[in-house]
Amino acid sequence: MLQIDSLVPSVRPKFDRSVLEHFLRTLYETISSIPAVAPQHPLSASRTLLRADVATPYATPLPTEETNWKVAFQPPANITVVGSWANKLSVKPKDGERYTVDLAVQMPNELFQEKDYLNGRFFHKRAYYLSVIAAHIKKHLLVDLFYDSTNSDPRLPSLIIESKDGSKLDFSGAKARIRILATLAQDSPISLKHVDSNHCNIRVPSSPNDAPTHRYNDALLQSTTAVPHLLSTHETKKTVDSFSDALALLRIWANQRGYCRGKGGWSILGFEDRGPFWLGLLELMIKGDASMRGSKSRVKPVGRGLSSYQLFKATIGFLARHDFVKEPVYLKDADLGNASISGPKDLAVFVTASSRSNLLSGVPLSSLEMLRHDAQSTLEILSRDISYDDPFSAVFLEDMRHASERFDVVIGVDLSSSHAKKRTEIHELDAGSSGEFILSSMASILRHGLGNRAKAVPLLRRSSTARELSHPHPFTPSIIQIGFILDPTNAFLLVDRGLSVEEAEKDTEFRDFWGNDKTELRRFKDGRILECVVWEAKTVDEKAHIPVLIAKHLLRHHFGIEEASVFTWQPSFDALIRLPKAIGEVYSRLGSSVSKGFRDAISAFDSLVKQIKQLEDLPLSVATISPVHSALRHVSVFTPVAISSSASSALPPWARYIPAMDIIIEFEKSPRWPDDLVAILKMKLAFFEHVARSLTKAVKGLTARVVVDNPSPSASFQDCGRLEILTPEGWAFSASIWHGREATLLDRLVEGEPNRPFAPKPSPREKQAAVKAKETYVRQFIAAPSHHRAISNLCYRYPGFSGTVRLAKRWFASHWLLDVHISQEAVELICAKMFVGDGTGLSEDFDNSKNQVGAPVTKERGFAVVVHFLASWEWQTGLNVPLYGKAEVPTSQGSAGSPGAWVIRTSEDPSGKMWTSNGPDAVVARRIAAFAKATWNRLQGDPYSFKDISVLNAHPITEYDFIIHLETATLPRSYENASVRIQGVETGQQIKSSKSERRPGFDPARLFLDDLRTIYEDTAIFFYDCFGGDKIGGVWLPGLRVPKPFKVRERYSSAPVHRVSNKKERKKTPDVVLNESAIVAEIERMGHGLIKSITVHQK
């Protein structure tokens, strides 16, 4: 509540109103003094005003020379300040927009006739009335004048007045603008009983007169609502103390999500100017709805004593569950005459007590579904445990208009060549303009076509802006965005089913909607023969494109928009985690399949497990074999592919890398294991040798060999042995053996007890080695399998999780951080946080309905969410990830002396250092935040204007102190390099066959990097792209370039500096400085044959 108490005053106007009130009085006098204009033909009247450079904003159907009615002007019957400003309910607009002060100018009844509701006559008379006011103000007041249109409807023009610098009537300090609305008295001669949703008030010869003109009628009714809304809101505000603050919270929430105007963001179609709608919602919560004929809705009032937050939450809860189509809402005391609003089955209805107009007129159902989805997401956020997230910031402070992280799929559409193929003149006139008709039709068709594949498919456009008086009509945007909130259960189905054969002969609606060239007959397993639309998708990536394929087809079929005018980021993101085309062609030619994704790798693992367990000559039987490699949990950057001997020979040297997938073998418990650490490690090597011999004999074509890593001198107790297995199909595995007794023996050494009976106590060096060995043991054999299972569960539960992790890893690697400073498991944990929220939906039984409402369904959205998080994350506070379900995450002190700055806690790792103890440090953490901010700024663009996704992974190298350039031909992973992909090198080199030995996991660049990091640990920080990088970046440690007094046993190479000749100052003169040239020369000598050159950047 304290946060709300501080938020609400910050969005209220803060200034002396006297300056603005003085101008309003002057404006009142100016408008009241306008002389009357005699009735004249509307075209003649507009030509007169055009001489003053003031166009008359006549809406369609336009008046013609044959028009037999006239327009005129008489001084207003009344001038009233209305809207939020009058009731002191104004809320600060988005993007630095000014507050709006609405001024209702009531037109005299003498100007109208009973049938002015027909064919736009009222709108033409009002347009002329407003133009006369504009011309007079332009002549007599030194202000800036513009036209504007409510919700971009040409029938709803208004006059905008902004202060001009240097004027005596300057009110710019108020940060407000004045909007003049020409209104109609409720007792006017126009017959309002004919202006409801059941009547057709536009006469078109080519269309029947029984098609109701809903939007046209509501546009006319809106001209009578300004003063009634003012009085109704004032009464509610007076009786409910929390009404003002609750409305402010609701408007802030809506503005942050694009249900408003704004300069810097995209607005949800239909919600640009819906101020009365938000007022009506709160009135509905307070008063309840009417018991109307034909209405099933029963909204009970929540009471008048609720706090502002309670009233806000009740309103959000109503939006989250209510359907305005199935349950029309009529506020109590609404004056509806003799009939309620009726219309087509897809008409949303919300009528307040202060008017007969439908507040949702012109709002596409897809936009209302987006509103419902946002409300559901907000309720979920508000129900979370505050120890995991700050709900206040997520609900009220964060700008949620960025399409890349809001929608699962975003497409940009160029409307310049669009045209509705099924256009009816009456419906186009009802919409107000051809542009509005196309947008509303497009929203309806996409919603129907995607069906249950999507929860919401809103259209987004740039907010309409005020225009010069010489431009009568609002501008129609040429570029729009379409956002998809997908349903993960149905989004990627391959078939859309239609009618049976018998029904299709009578009803052609399905074929007309999809096109005869797209529909076909298919027989299903239950024997039915149905009309269907089948979407071709061979790979997992192609299945993710099905919603976009549907949208492209519908846009082309119904609006003539070709694929070149529709753009999405999906193919560009796919290319970042896909093998180069030339390499894929070699795999396909040799029979290796890339399209099956990770299934082949998991099948190969399952086969290996069976083969090992079937070995009969092992001293101990195998209890379990656990996978712990990223490829076996669907989150390796590239889809794993088996590389047989023939495939390896056909590939160039720079594309022969075979990843070795880590697995852990656990044998049955037995007292025959030795009770000594060194002996246990040797026993493991013996087991490896025995398993290798047995497997080689049992499986034809399989090779297995024991490999031992090169341990550091301080790692005497670490398990460095592995069993390297290469299957006949070309899958590589690296097996380790887990023996539980090791942990107990390591604990003894750590506590200073002897490793075995009658052995001496461990030395300090041995204790230190035991501590490191224990950390490695826990990470490798305890944490890794548990982490693997949890991440695998998320991949099955959330269809977008796997791709999100892969893109995030690709991004970290492209910026030379992954595996060098950031572990892959840490990246997976950060991505998991974006999906699981507070962990409420995680349970043993998979249930898609329990998943987080706002969880991304596609990798593109997931990646954008991760980047935005990294850009704004205060990493000093750490991160709690409920990876294993909703549970309290205890906090504990991290590893002493750990260089890692990140703390990522789970219920099984309360220290938060399991995967971040070795990095990133504070320097790297700040670099990550800088890279993320730059990437996020790029992602805020729209797909149509920003098409080159590859720049997100372009890494700047000028900030490094030196760059080591590697020989590409010697690097077996060069084909994975993102920069190589950007330049298209992978398709420009000829692949030649050559014999080569397959060496799983062999990466000379990475081995060289590890040597550099070990040797120059106290000299420099190194950065490298682990996916085929051809450069290594180096940064000297801070402070080493500053001259210092010479010390014995310094841990870096130094060189003497020039001494001063003054004897008094000689003792104070530093002696040595970092010997950069010698270190660079030494690195070049170490990497002979691997290094092409070294570039040193002078600063």
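**Entry 1: burial of strand 6.** I call a residue buried when its relative accessible area is under 20%. The model I examined is a predicted one. I looked up strand 6, residues 157-163, and found that seven of its seven residues are buried, so the strand is largely enclosed by the rest of the structure.

**Entry 2: the two faces.** I recalled that side chains in a regular strand alternate between the two faces of the sheet. I therefore asked which residues of strand 6 are buried on each side. On one side I noted P157, L159, I161 and S163, and on the other S158, I160 and E162; both faces are covered.

**Entry 3: the neighbours.** I recalled that strands of a sheet pair through backbone hydrogen bonds, either parallel or antiparallel. Strand 5, residues 143-149, runs antiparallel to strand 6, and seven bridges join the two. Within this pairing I found L145 opposite I161, and F146 with I160 as its bridge partner. Strand 7, residues 176-184, is also antiparallel to strand 6 and is joined to it by three bridges. Here I161 stands opposite I178.

Entry 4: I traced an open sheet of five strands in the order 3-4-7-6-5, with mixed pairing. Strand 3 (78-82) and strand 5 are the edge strands, each pairing on one side only. The twist from one strand to the next averages 25°.

**Entry 5: the helices.** I looked up which helices lie across strand 6. Helix 2, residues 18-32, lies across strands 3, 4, 5, 6 and 7, at about 35° to strand 7. Helix 5, residues 121-140, lies across strands 4, 5, 6 and 7, at about 15° to strand 6.

Notes:
Residues numbered from 1 in each chain as written. Predicted model: local features only at pLDDT ≥ 70, side-chain atom pairs only at ≥ 80, totals over all residues. Heavy atoms only, no water. Buried < 20%, exposed > 50% of the residue type's maximum accessible area, 1.4 Å probe, protein only. Helix = DSSP H or I, 4+ residues; strand = E, 2+ residues; numbered from the N terminus. Pairing = 2+ DSSP bridges. Axes fitted to C-alpha atoms, helices over the stretch in contact; angles between N-to-C directions. Contact = heavy atoms within 4.5 Å.
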